[in-house]
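The questions and answers below work through charge pairs, aromatic rings and surface charge. Please keep the sequence and the structure in view while reading.

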Amino acid sequence: MSSTTQPAVVTAGSFLTLHYRLAGPAGDIINTFNDKPATLSLGTGELSPAVEQRLIGLEEGTHATFELPAGAAFGERNPDMQQWVARKLLAQMGDPDEQYAVGDVVQFPTPDGTGSYAGAVIESNETAVRFDFNHPLAGQPVTFEVKLIGVL
């Protein structure tokens with residue numbers, strides 16, 4: 001008698017070890033294939049819900065690529081997520097001599113101080129810097145490639 005072991009399958013709440021790549025029309029935003037694999041738990045917000053849905057039901061060892069239509073992975077771009085921040089406030093939060101160039105990504109503390117979020121510089125003048133707090137892939141088609149190494 002031989003017993004065959006079925007590969008583990010991803011379900012809601014699974015703990016995963018994986019390589020993954022998220023790319024938009026301009027190229028990769030995240031790519032772990034050339035580095036150590038990522039570990040994460042589904043349902044904790046580490047991946048967008050649309051990306052997590054593509055993982056549900058996949059077997060350990062799977063290597064797959066998914067094409068998500070514009071806006072599906074990270075929502076549409078929201079113009080309200082582009083905001084001016086006074087240089088005076090930026091100086092209080094960090095280095096007062098910091099220079100901000102278009103394209104720079106700056107980390108900000110959450111209001112409760114327990115986390116952070118990022119904004120990309122899109123414009124500046126003498127008194128303020130304008131940041132885009134949208135996800136870099138918001139409103140764009142996304143290629144999601146994954147290789148599932150382990151499923152718990």
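## Charges, rings and surface

Q: What is the relative accessibility of Glu 123?
A: Glu 123 counts as partly exposed, a class that lies between buried (under 20% relative accessible area) and exposed (over 50%), using a 1.4 Å probe and protein chains only. The structure is a predicted model, in which local features need pLDDT of at least 70 and side-chain atom pairs count only at pLDDT 80 or more, while totals for chains, interfaces and linings use all residues. Residues are numbered from 1 along each chain as its sequence is written, and side-chain values use heavy atoms, with hydrogens and water left out. For Glu 123 the relative accessibility is 34%.

Q: Which residue meets the side chain of Glu 123 in a salt bridge?
A: A salt bridge requires a side-chain nitrogen of Lys or Arg within 4 Å of a carboxyl oxygen of Asp or Glu. Here the N to O distance is 3.1 Å, and the partner of Glu 123 is Arg 130.

Q: Where is Arg 130 found?
A: Arg 130 counts as partly exposed, at 23% relative accessibility. Its C-alpha atom is separated by 11 Å from that of Leu 90, which is 40 residues apart from it along the chain. With strands taken as DSSP runs (E, at least two residues) and helices likewise (H or I, at least four), numbered from the N terminus, Arg 130 is found in strand β8.

Q: How many salt bridges does a search of the whole structure find?
A: Side chains of opposite charge can pair when their charged atoms come close. Asp 132 counts as buried because its relative accessibility is 8%, whereas Arg 77 is partly exposed at 39%. The search of the whole structure gives a total of four.

Q: Which strand holds Arg 21, the salt-bridge partner of Glu 145?
A: Glu 145 counts as buried at 15% relative accessibility, and Arg 21 counts as buried at 18%. Their side chains meet at 2.9 Å, N to O. The pair lies 124 residues apart and links distant parts of the chain, with Glu 145 in strand β9 (residues 142–151) and Arg 21 in strand β1 (residues 15–24).

Q: How many aromatic pairs are there, and what geometry has the pair of Phe 108 and Phe 131?
A: Rings of Phe, Tyr and Trp (its six-membered ring) pair if their centres lie within 6.5 Å, and planes under 30 degrees apart count as stacked, over 60 as edge-to-face and the rest as tilted. By this rule there are seven pairs. Because the ring centres of Phe 108 and Phe 131 are 5.0 Å apart and their planes stand at 85 degrees, this pair is edge-to-face.

Q: Which residues form one aromatic cluster?
A: Phe 108 and Phe 131 are both buried. The cluster consists of Tyr 100, Phe 108, Tyr 117, Phe 131 and Phe 133.

Q: Which residues form the negative surface patch?
A: Patch residues have over 30% relative accessible area and no salt bridge, with like charges joined within 9 Å and nonpolar side chains (Val, Leu, Ile, Met, Phe, Trp, Tyr) within 5 Å. Asp 95, in the loop between α2 (87–93) and β6 (105–109), is partly exposed at 42%. The negative patch is formed by Asp 95, Asp 97, Glu 98 and Asp 104.

Conventions. Accessible areas come from the Shrake-Rupley method with a 1.4 Å probe; for residues, only the protein chains shown count as cover. Lys and Arg count as positive and Asp and Glu as negative; His and the chain ends are not counted. The place of a charge is taken as NZ of Lys, CZ of Arg, CG of Asp or CD of Glu.
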